[in-house]
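Take a look at the model below.

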Amino acid sequence: MKRPRLWINALVLSSCLLLGSGRTTIYGAQQNTAQAPAGPNAAETPKDPNAPPDSYNWEVQSDATPGWPTGPQVAAETAILMDAETGEILYAKGIDEKRYPASTTKIMTALVAIENSALTDQVTFSAEAVNGIEPGSTHIGVKPGEILTMEQSLYAILLASANEVSSGVAEFVGGSIPDFVNMMNARAEELGCKNTHFVNANGLHDPEHYTTARDLANIAREAFKNETFRSIIGEEYYIEPKTNITDEERWLNNHHKMLVTGDLHYDGCLGGKTGYTSDAGNTLVTYAQRNGMYLISVVLADNAVYQYPDTAALLDYGFSNFHKAVLAQKGEVQCLKPLPIERYLYNLTKSKMMTRFTDTVTVDLPADLPVEDLTRKTSLDKKNQTTEYYLGEQLLAVSHAEVCPTLTLSEFLETAKGSPANTARAAAQSSASAGRTPKTSSSSLGDFFQELKYNFQNMPKWKYPALIFLVTAVIFYIVLLIIKIKRHRRKRSKKNKK
């Protein structure tokens, strides 16, 4: 009996071992397929130190515009490319997200100082201004009681990013740093900045000191209009003369590497402003000009490796993918034929009216997009004509023109003949720019119907239900008229029979 039991026990044990081995193999295959988490001793794949941050792949808002050139990917968390003359936004990435500006704050500091002082003003630096900055932050070694002119101070602020000079200028212009900061915030509000709040004049970190790429670009655009500001930021260096305390000259180098000679130099760079704190990361504002286009680039929350390549990529994108087009020339006259309802509403006594553009309007368009492809929405307000230019749903520009009721057609033709803006090319562009510009005369029946068709196409959207109602009313009237005529004939036939 023992031998059969031994055989049975051996058979059961063998079966268990085989089944256990099979389960182990299947489990191992599942682990390999699913790539189970590695244990503490497993080797980890090292991360490439040169790989861009996650923000490199964040959404680019401007790419959502139909027909718009695809923008470059940049490592900066937020970025913008703006036309310095028109304010048109060519590239947008998180442009309304709040970020710390660091020393790009000094663009607003310089703007407020320039607007509220003279370059020859003598600025005496207090101990509070000199010693009130963070240890180790950027400075030029100004001492308490030292005197610089406002011009010398502006060079120290914009080229050398001197924090103590920014505080001293704020005290001089505002009476105190808090009062000057209030001036900065008020100026930002005037410029339409909705997500900007300053706490100091130098950009040293404070949780309540923030801006956005859009707001900072608008501030930079306003500053660029000032000749003194443009002149200072465009200098590669400046030599501060001896002062009442310092018996040696100070050599101030421009921190913006795309302006100065070197590997990062960018052709067409007009200057800008750098910034850095550990909380803000690298921030950079850059002005550049090529082929008649003036662009402003802003990158926020970037890093030292990518800030200049990011900026170069944005500027290259703008200069390579867009061309400047003139939509309206100041003083240029055009002939319009108002709709009957407009003549009634605005008491226009002439069937033809003349309008004269009150400003010159330009727009940056994708290189392969003609002006004629823009959608125009034209409206009259009293005797002013406003035309909005759209690409899809994106508003690109607005032009204004005044109605000239006293200008006759012959006067218009004479003006057009002598105006350089009314060359054949400009006239064609003007015709495309006008929302409802028909021909000035109808020489044939075909021209008449063509003009009639044009006027109908440019009527408001309610033209279709109105037309349906009108056609229905005419048909109903004709039916009633036919019925009336038949009844009249029946009565007449009855009378004749009698």
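## About the model

This is a predicted model: local features need pLDDT of at least 70, side-chain atom pairs count only at pLDDT 80 or more, and totals for chains, interfaces and linings use all residues. Residues are numbered from 1 along each chain as its sequence is written, and side-chain values use heavy atoms, with hydrogens and water left out.

## Helix α5

Helices (H or I, at least four residues) and strands (E, at least two) are DSSP runs, numbered from the N terminus. Helix α5 holds 12 residues, 163-174. The expected span is 1.5 Å times one less than the number of residues. For α5 that gives 16 Å, and the end C-alpha atoms are 16 Å apart, which agrees.

How many residues of α5 are buried? The count is 11 of 12. Buried means under 20% relative accessible area, exposed over 50%, and partly exposed in between (1.4 Å probe, protein chains only). Among the buried residues are Asn-163, Val-165 and Gly-174. Their cover includes α2 (106-115), β3 (122-124), α3 (127-131), α4 (150-158) and α6 (177-190).

## Where α2 meets α6

Two packed helices are described by the angle between their axes and the distance between the axes. Axes are lines fitted to C-alpha atoms, for helices over the stretch in contact, and angles run from 0 to 180 degrees between N-to-C directions. Helices α2 and α6 pack at about 100°, with axes 10 Å apart. That makes α2 roughly perpendicular to α6 (65 to 115 degrees).

Contact means heavy atoms within 4.5 Å. On the α2 side, the residues include Met-108 and Leu-111. On the α6 side, they include Phe-180 and Arg-187.

## Nonpolar cores

A nonpolar core is a set of buried Ala, Val, Leu, Ile, Met, Phe, Trp, Tyr and Cys residues joined through side-chain atoms within 4.5 Å. The largest core has 56 residues. Met-108, Val-165, Phe-229 and Val-298 touch the most other members. A second, separate core of 39 residues includes Met-258, Val-299, Tyr-308 and Leu-374.

## Positive phi angles

Just after α5, Gly-175 takes a positive phi of about 90°. Ser-161 is not a glycine, yet its phi is positive, about 55°. Ser-161 sits in the loop between α4 and α5. Is Ser-161 buried or exposed? Ser-161 is buried, with a relative accessible area of 4%.

Ala-301 is not a glycine either, and has a positive phi of about 55°. Ala-301 lies in strand β9 (residues 293-302). Ala-301 is buried, at 16% relative accessible area.

How values were computed. Parallel < 35°, antiparallel > 145°, perpendicular 65-115°, else oblique.
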